[in-house]
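Subject: Structure for your review

Dear colleague,

Please find below the sequence and structure that I am handing over to you. A summary of the findings follows.

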Amino acid sequence: MTEEAAAEGTLSVTDSRTGRSYQLPIIDGAIRTLDLRQIKVDADDFGLMGYDPAFQNTASCRSDITYIDGDKGILRYRGYPIEELAGRRNFLEVSHLLLTGELPSPEEQRDWVAEITNHTFIHESIKKFIDGFHHDAHPMGMLVSAVGALSTFYPEAKQVQDPEVRHRQIVRLIAKMPTIAAFAYRHAMGLYYAYPDDELSYTGNFLNMMWRATELKYRPDPILERALDVLLILHADHEQNCSTSTMRLVGSSQADPYSSMSAACAALYGPLHGGANEQVLRMLRTVGTVGNIPDYIQRVKQGEFRLMGFGHRVYKNFDPRAQLIKKVAEQVFEVTGRSPLLDIALEIERIALEDDYFVSHKLYPNVDFYSGIIYLAMGIPVEMFPVLFAIGRTPGWLAHWEEGLLDPEQKIGRPRQLYVGPAQRHLES
Ligand code: CMC
C-alpha cells in the first residue's frame, strides 16, 4: 500500500509567499516534516522546515513499546497497564516484556533469570576502575563512566547488527547495572565490595550488594525487596524521554550499547530528569518544617525556583506512577517507620493541588516526588537515587536502542537548525 493510500487524510497548506497549495498526507495523526521540504519560494530555496526546540511536538520514531496518554494518566508497556504489571509481575518479567514484546512463559522466565544471574559479576578491572574515583565522587558520575568503560571489555558489542551479540550485551547490561551501582555506593562509603549472591532475586541481590556486612548470608526484607522491585517496574520505560531519546540518538550512529547507555545515564543525571528525586529530598530538607511550606510555595510561584517532583512534559492530569508509589510508600514505612519528610511532602502536595498556580499550570506530583522518600526510608543515600532510576530504566533504554536499530526508516539522527548568526564576513587583513 502506498503512503497516499494509507493516509487517513491530507493537510492542505497554502504558502502565502508564493500562493501555491500543497496536500500533505496525514498518517497516524502526523505529517512527515520532510514533506514540507517541497514548499519552496524558488528552485534554490532549501525548502520549509519544522522548528521544534525540545521536540515538544515532533515524533522521532514509530514505537510499539510504551503508550502514554498524558491527559488521562495512562501508562502501558506493550499494551499492559502499569497498574497490572506493578501489582502482579516482577522487574525481570517486565524487562522481558519490554525487550521482546511478550511476558515470559514460566520456562522462559526461568531461563531469563538464569541468564541474568549468570552475568551479575563485573570484571575485576572494573572494580579497580571504580577504586580510582575520589571518595566523594557522585555515584552517577561513577555509573556513567563505568557503563561506558564496559565497552572496552566487550569489543564484540560493536557488532550491533548481530542479534546474538546484541542479546548478550543486553543481558550483561541488565545484570551488571545493580553491581556497578552497589559497588559505586560501597566505594563512596569506604566499604568492601559485596559480591552478587546468585540465590537471591534481582532486587534481593541488589540489597545484598548494598547492605551485606559481616553476615555470611544476607536475607533481604521481603517487603522492601518487593517495594524496590515495584519501583524498578514503574521506572522501566517512559517512551521518548530525554535519556531514551539520547540512547536512540547515540545508538543511531551504531555506537555499541555500552557507549550509548553511558550517554543515556548522563542525560538521566540532570536535575530536570532522573536527578529530580535527589532534588526533591534536598527540597524537603530545605523546607525543614510544615510551617515553612507556605513561604516556600510562595517563592516557587514568584519563579525563584521550581517545586521539584512536580510537573511533567507529558502528564498534565496525574502521573499514574506517582499514585502507585504512594501506596508502596505506606508498605515501606510499616517496616522502616514513618519519615518526618513524608509529612512535609504530603502537606506540600495538599497545598499545591489546591493552589491556583499549580492547578492552572497543570502541575501534579510526578514519579520522583515519592520515590526519594521511599529510598531514604530504606536507608539509601540521596546521591544513589538517580542510580536506582537508571537500574530501572535499563530495559527500556535497551528495548528502544534495539527498536531504533531494527527500524528500516531510521538513519543516523541529525536534526536541522535555523542559523541565526552573522552572514558571511571576512578577516581584516
Ligand atoms: N514548579 C513550578 N513551576 C513549574 C514547574 C515546577 N516544578 N514545572 C513547570 N512549571 C511552570 C513553568 O515555570 C512554566 O510556567 P510559565 O508558563 O508561567 O512560564 C510552566 O509550568 C510550564 O513549564 P515548562 O518548563 O515549559 O514545562 P516542561 O514540560 O518543559 O517541563 C518538567 C517539564 C518536568 C521539566 C518541569 O515540570 C520541571 O522542571 N519539574 C521539576 C523537575 C522534576 O520534577 N522533574 C522530574 C520529571 S518526572 C521524571 C522523569 O521523567 O524524568
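A residue is called buried when its relative accessible area is under 20%, exposed when it is over 50%, and partly exposed in between. E383, with a relative accessible area of 30%, is therefore partly exposed. Please note that this is a predicted model.

Salt bridges

E383 lies in the loop between α17 (367-377) and α18, while R282 belongs to helix α12 (residues 276-287), so the pair ties together parts that are 101 residues apart in sequence. R282 has a relative accessibility of 34% and therefore counts as partly exposed.

Side chains of opposite charge can pair when their charged atoms come close. How many salt bridges does the structure hold? The number is 24. Two further pairs are described here.

The salt bridge between E409 and R32 has its closest N and O atoms 2.6 Å apart. This pair links distant parts of the chain: E409 is in the segment after α18 (385-406), R32 is in the loop between β2 and β3, and the two are 377 residues apart. E409 has a relative accessible area of 44% and is partly exposed; R32, at 31% relative accessibility, also counts as partly exposed.

K326 and E349 form a salt bridge through their side chains, at 3.3 Å from N to O. K326 sits in helix α14 (residues 320-336) and E349 in helix α15 (residues 340-354), and the pair, 23 residues apart, links distant parts of the chain.

The ligand and its surroundings

Which residues come nearest to the ligand? Of the 20 residues around the ligand, these are H273, R306, L307, R313 and H361. The shell around the ligand is made up of 9 nonpolar, 7 polar and 4 charged residues.

Several distances between polar atoms can be given for the ligand. From a polar side-chain atom of H273 to an oxygen atom of the ligand, the distance is 2.5 Å. An N or O atom in the side chain of R306 is 2.8 Å from an oxygen atom of the ligand. For Y357, an N or O atom of the side chain lies 3.0 Å from a nitrogen atom of the ligand. On its own, the ligand has 930 Å² of accessible area, of which the protein covers 73%.

Residues in loops

Y51 is located in the loop between β2 (21-26) and β3 (66-69). Its relative accessibility is 62%, and Y51 therefore counts as exposed. Together with L418 and V420, Y51 forms a nonpolar patch on the surface, and the accessible area of the three together is about 380 Å².

D197 is in the loop between α7 (163-189) and α8 (202-211). With 14% relative accessibility, D197 counts as buried. The side chains of D197 and K217 are joined by a polar contact of 2.8 Å.

H123 is in the loop between α4 (106-118) and α5 (124-131). At 43% relative accessibility, H123 counts as partly exposed. The side chain of H123 reaches the backbone nitrogen of S125 at 3.0 Å. H123 and L150 are separated by 27 residues in sequence and by 8.9 Å in space, from C-alpha to C-alpha.

A residue in a helix

In sequence, F389 and N277 are 112 residues apart; in space, their C-alpha atoms are 9.0 Å apart.

Yours sincerely

Terms used
Residues are numbered from 1 along each chain as its sequence is written. This is a predicted model: local features need pLDDT of at least 70, side-chain atom pairs count only at pLDDT 80 or more; totals for chains, interfaces and linings use all residues. Side-chain values use heavy atoms; hydrogens and water are left out. A residue is near a molecule or strand if one of its heavy atoms lies within 4 Å of it. A polar contact is a pair of N or O atoms within 3.5 Å; within protein, one must be able to donate a hydrogen and the other to accept it, and residues adjacent in sequence count only if both atoms are side-chain atoms. Accessible areas come from the Shrake-Rupley method with a 1.4 Å probe; for residues, only the protein chains shown count as cover. Ala, Val, Leu, Ile, Met, Phe, Trp, Tyr, Cys and Pro count as nonpolar, Asp, Glu, Lys and Arg as charged, and the others, Gly among them, as polar. Patches are made of residues with over 30% relative accessible area and no salt bridge: like charges are joined within 9 Å, nonpolar side chains (Val, Leu, Ile, Met, Phe, Trp, Tyr) within 5 Å. A salt bridge is a side-chain nitrogen of Lys or Arg within 4 Å of a carboxyl oxygen of Asp or Glu. Helices (H or I, at least four residues) and strands (E, at least two) are DSSP runs, numbered from the N terminus. Buried means under 20% relative accessible area, exposed over 50%, partly exposed in between (1.4 Å probe, protein chains only).
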